Amino acid sequence: MKNIYLPQVTNDNAFAFIGDADISALIVCGIVLVAAVALGVFMIRKKRTERKILIITLVILICLAVIGFATIFGVNDYVKHISANRIITPKQAQGLKDVDCILVLGCQVKNNGQPSDMLSDRLRRGIELYEQGTSPKIIMSGDHGRKEYDEVNTMKQVAVESGIPSNDIFMDHAGFSTYESLYRAKEIFGADKLVIVTQKYHLYRALYIAKKLGIEAYGVSADYRMYWGQSNREAREILARCKDFAKVIFKPKPTYLGEIIPISGDGDMTND
């Protein structure tokens with residue numbers, strides 16, 4: 001077995017102090033502060049009648065903003081609550097029966113063709129799950145929509161270099177989003193029961209999508225270290241959860257479907 005780079009393991013909960021409630025409180029406080037300042041400035045300049053109109057308008061806007069943010073964070077909390085009990089440890093994953101595949105979700109590949117830290121950690125976890133017998137097959141799902149940018153071949157190369165047989169590794173070249181990766185895992189590869197590998201903040205949404213698409217899914221996190229810009233990702237993920245909450249209601253088809261490639265078959269059928 002060839003050696004691959006394995007990053008230094010650090011605290012899995014390095015960002016546990018960053019919560020959705022903290023983010024929401026900052027946003028709401030910011031809106032109220034801006035509104036209060038604006039109200040003060042305009043009330044000084046406007047006549048009495050105009051002040052009343054302005055006050056009513058600002059109150060309506062503030063109420064709409066509060067309702068909007070309450071909806072966003074309500075949906076966010078709901079998605080997390082529904083998915084939380086499906087996040088398991090590697091040891092628990094080892095005890096699962098008849099898992100069709102391990103689904104490793106792709107993310108950034110560097111300009112030099114090497115996986116980013118987050119992707120390296122996802123691959124590390126996926127390889128670990130394969131080697132411990134969680135499932136005999138892996139799907140590497142990511143963005144290969146352009147010739148000059150290729151997540152999935154990079155992902156497969158790392159796994160092959162770690163000793164996993166090439167024919168056990170499938171590549172989904174059209175996994176352009178979390179929703180599309182899961183939709184295609186079911187409809188193209190025929191996976192009805194799978195284990196998803198990504199960072200924990202991302203698992204909530206992935207597991208919620210899987211549930212709504214009729215997939216029996218479990219998630220194992222790949223948080224081996226702290227990641228630069230994670231607080232920004234956490235904030236964006238709140239909106240992403242709301243987006244996919246709406247998307248799974250309508251279940252639109254992904255960008256590409258194509259011919260069926262059974263996960264029970266040969267992964268090399270997905271090679272370029």
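User: In what order do the elements run from the N terminus on?
Analyst: Keep in mind that this is a predicted model. From the N terminus, the order is α-α-α-β-α-β-α-β-α-β-α-β-α.

User: How many helices and strands does the secondary structure come to?
Analyst: There are eight helices and five strands.

User: And what share of the residues is buried?
Analyst: Of the 272 residues in the protein, 45% are buried.

User: What about contacts? Which percentage joins residues at least 24 apart?
Analyst: That would be 77%. The figure refers to contacts between residues at least 6 apart in sequence.

User: Let's switch to charges. How many salt bridges does the structure hold?
Analyst: It holds 12 salt bridges. As a rule, side chains of opposite charge can pair when their charged atoms come close.

User: Show me one. What does Arg225 meet in a salt bridge?
Analyst: Its partner is Asp117, at 3.4 Å from N to O.

User: Is Arg225 buried or exposed?
Analyst: Arg225 counts as buried, because its relative accessibility is 12% and the cut-off for buried is under 20%. Asp117 is partly exposed, at 37%.

User: Which residue forms a salt bridge with Arg125?
Analyst: Glu128 does. The closest N and O atoms of this pair are 2.7 Å apart.

User: Next pair. What does Asp172 meet in a salt bridge?
Analyst: Asp172 pairs with the side chain of Arg184, at 2.7 Å from N to O.

User: Are Asp172 and Arg184 buried or exposed?
Analyst: Both Asp172 and Arg184 are buried.

User: Which residues are linked in a network of salt bridges?
Analyst: Arg205, Glu237, Arg241 and Asp244 make up that network.

User: Which residues gather in a patch of positive charge?
Analyst: Arg86, Lys211, Lys212 and Lys251 do, on the surface.

User: Where is Arg86?
Analyst: Arg86 is in the loop between helix 2 (48-83) and helix 3 (90-94). Arg86 is partly exposed, at 32% relative accessible area.

User: And which residues form a nonpolar patch?
Analyst: Ile56, Ile60, Leu61, Leu64 and Ile67. Together they have about 500 Å² of accessible area.

User: Where does Leu61 lie?
Analyst: Leu61 is in helix 2.

User: What is the relative accessible area of Leu61?
Analyst: The value is 49%. Leu61 therefore counts as partly exposed, because exposed means over 50%.

Conventions
Residues are numbered from 1 along each chain as its sequence is written. This is a predicted model: local features need pLDDT of at least 70, side-chain atom pairs count only at pLDDT 80 or more; totals for chains, interfaces and linings use all residues. Side-chain values use heavy atoms; hydrogens and water are left out. A salt bridge is a side-chain nitrogen of Lys or Arg within 4 Å of a carboxyl oxygen of Asp or Glu. Buried means under 20% relative accessible area, exposed over 50%, partly exposed in between (1.4 Å probe, protein chains only). Helices (H or I, at least four residues) and strands (E, at least two) are DSSP runs, numbered from the N terminus. Contact means heavy atoms within 4.5 Å. Patches are made of residues with over 30% relative accessible area and no salt bridge: like charges are joined within 9 Å, nonpolar side chains (Val, Leu, Ile, Met, Phe, Trp, Tyr) within 5 Å. Accessible areas come from the Shrake-Rupley method with a 1.4 Å probe; for residues, only the protein chains shown count as cover. Lys and Arg count as positive and Asp and Glu as negative; His and the chain ends are not counted. The place of a charge is taken as NZ of Lys, CZ of Arg, CG of Asp or CD of Glu.
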